[in-house]
Amino acid sequence: MNDLIFEHASLSFGVRDVLRDFSLTVPAGGRCVLMGASGSGKTSILRLAAGLMKPTSGRVLGTPPDNLFSMQFQEPRLLPWLTAEENVNLVLSDSKTTLPQARIWLSRVGLADACGLYPAQLSGGMQQRVALCRALAAPHDVLLLDEPFRGLDSGTRAQTMALVADFVSGRLTGCEPKTLLLVTHDAEEANFFTDTPVVIA
Amino acid sequence: MKNHPNKSKLPAWLKKPLLYAAAVAVWVLVWYLAARRIGEELLLPRPGAVVRRLAELTVTAGFRRVVLTSLGRIAAGMVIGVTTGCLLALLTHFVPPLYTLFHPVITVIRSTPVASFIILIYLWIGRDLLPGFVSVLLVLPVVWANLHEALGAVDPDLLEMARLFRLPLRKRITRVYLPSVMPSFMAACRTSVGLSWKAGIAAEVLVVPALSIGRHLADAKLYMETVDLFAWTLAVVLLSLLLELTITLLFSRFEKRRGQRTERSAHE
């Protein structure tokens with residue numbers, strides 16, 4: 001696992017600057033929460049980290065293959081022809097020992113009864129939790145979460161936030177802590193994960 | 001007050017075939033009435049006479065050979081057309097310059113009249129392989145165009161998700177690409193099968209290969225045997241329905257197998 005480093009990274013689409021001269025270091029196993037107005041480039045930072053985009057100038061270190069990444073996108077991006085369980089299984093290797101993990105993850109977010117349901121049969125919040133399970137279950141060093149708790153009721157949100165915190169700290173799995181890069185608009189969520197959120201102007 | 005959502009006592013699975021049979025019966029009745037009104041078998045034979053003639057033909061030794069040869073020849077063309085169309089669609093999707101290269105050729109094939117092809121291919125390769133070749137030329141552009149478009153329409157968000165999670169190629173194909181393109185592929189196959197069957201028979205009528213339905217249709221026309229002409233045409237229609245049914249069954253089995261496979265993996 002390597003540090004995730006943004007060095008004067010800029011990103012533009014044509015004449016539109018999405019990100020300008022952004023620098024940040026997230027140490028391996030560390031947590032970073034990004035806050036800021038809509039359109040300030042938070043999601044782009046996650047995409048740059050995951051290697052889904054290249055910076056127009058500057059550089060990003062610790063991108064694949066230096067780190068393994070997992071991500072919950074802003075929209076669930078579930079395969080509509082697979083059940084909730086199969087969507088989580090998708091990112092696991094097909095061995096018999098790993099397959100029950102999907103059910104375990106789904107039960108952790110309160111979706112034990114929804115394993116056999118297709119995305120179209122799930123509410124938006126449930127789909128989001130399935131996508132979170134997929135992100136947590138996939139093998140990775142760095143976890144990228146793009147507004148993962150949006151639209152959840154307060155009880156479910158608190159439960160899910162605690163699950164993510166336990167997971168990245170390694171308390172849940174007994175593994176090394178994972179690097180976390182989380183995007184949110186919510187100050188309460190930001191303060192739950194870190195004392196010093198990064199505000200993108 | 002009680003609700004009666006299903007007033008009919010007929011089971012749902014029986015309703016559709018019965019309605020279909022009733023529609024066919026109406027048109028057979030129209031045919032019968034028209035034939036009776038004309039009263040001239042040479043112009044329009046009665047349905048009973050045609051069915052009797054077809055029954056007579058089916059018990060002759062040559063009938064099965066003729067039907068199987070025509071069917072085999074044209075079906076082989078369909079299989080080759082579908083396979084080539086799929087391969088070409090994959091190539092032109094993943095190697096875009098090839099799309100530019102092949103697009104004019106496919107456009108020419110699509111817009112050229114079938115009759116022109118029949119004459120040209122007859123000159124080039126002779127009569128025996130011609131119906132199959134015509135079948136290839138009709139199926140290939142339809143499958144290629146539909147599949148190429150479907151591959152281009154695969155949700156880029158899902159492809160990006162597959163890339164981020166480093167899904168192996170096998171999973172990308174079976175879980176992302178195949179389910180995305182299957183509806184378009186199945187529609188293309190259903191459309192092109194009917195087209196190529198009719199065009200294949202038309203080619204047989206024009207070039208009269210030794211063992212073929214087309215030769216019998218041409219002979220019936222030559223000797224003014226209208227009942228035979230109708231009987232062979234009825235055979236062509238029934239075989240077309242059989243082909244469509246085979247395609248439907250083939251795809252429903254594929255869907256079922258896919259369902260079973262995903263169900264198994266979920267419970268392992």
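**How much area do chain B and chain A bury between them?** In this predicted model, for which local features need pLDDT of at least 70, side-chain atom pairs count only at pLDDT 80 or more and totals for chains, interfaces and linings use all residues, the two chains bury about 2,200 Å² between them, 58% of it on carbon and sulfur atoms. Residues are numbered from 1 along each chain as its sequence is written, chains are lettered from A and ligands numbered from 1 in the order in which they are written, and side-chain values use heavy atoms, with hydrogens and water left out.

**View 1. The contact between chain B and chain A.** Buried area here is the accessible area (1.4 Å probe) that two parts lose on being put together, summed over both. The contact, meaning heavy atoms within 4.5 Å, takes 29 residues from chain A and 22 residues from chain B. Between the two chains the count is 3 salt bridges, a salt bridge being a side-chain nitrogen of Lys or Arg within 4 Å of a carboxyl oxygen of Asp or Glu. A:R77 forms a salt bridge with B:D157, and their closest N and O atoms are 3.5 Å apart.

**View 2. An open sheet of 5 strands in chain A.** Helices (H or I, at least four residues) and strands (E, at least two) are DSSP runs numbered from the N terminus, and two strands pair if DSSP finds at least two bridges between them. The strand order is β5-β6-β7-β3-β8, with parallel pairing, and the edge strands are β5 and β8 (198-200), each of which pairs on one side only. Strand β3 (residues 31-36) is mostly covered, with 5 of its 6 residues buried, where buried means under 20% relative accessible area, exposed over 50% and partly exposed in between (1.4 Å probe, protein chains only). With strand β7 (residues 179-183), β3(A) pairs over 4 bridges, and there A:V33 has A:L182 as its bridge partner. With β8(A), β3(A) pairs over 3 bridges, and A:L34 stands opposite A:V198.

View 3. Leaving aside neighbours within four places in sequence, A:T63 is in contact with A:L48, A:A49, A:G51 and A:F69. A:F69 in turn has A:V142 of β6(A) as its bridge partner, and 4 bridges join β5(A) to strand β6 (residues 142-146). A:P65 also has its place in the loop between β4 and β5, and a cis peptide bond with omega of about 10° joins A:P64 and A:P65.

**View 4. Two residues other than glycine with positive phi.** A:E147, in the loop between β6 and α5 (154-169) of chain A, has a positive phi of about 50° and is buried, with a relative accessible area of 10%. B:M224, in the loop between α9 (213-222) and α10 of chain B, has phi near 55° and counts as exposed at 55% relative accessibility.

**View 5. Helices α1 and α10 of chain B.** Helix α1 (residues 12-38) has 27 residues and reaches 40 Å from its first C-alpha to its last, close to the 39 Å expected at 1.5 Å a residue, the expected span being 1.5 Å times one less than the number of residues. Just after α1(B), B:G39 takes a positive phi of about 65°. In helix α10 (residues 226-267) lies B:T248, which counts as partly exposed at 36% relative accessibility. The C-alpha atoms of B:T248 and B:R190 are separated by 8.1 Å, although the two residues are 58 residues apart along the chain.
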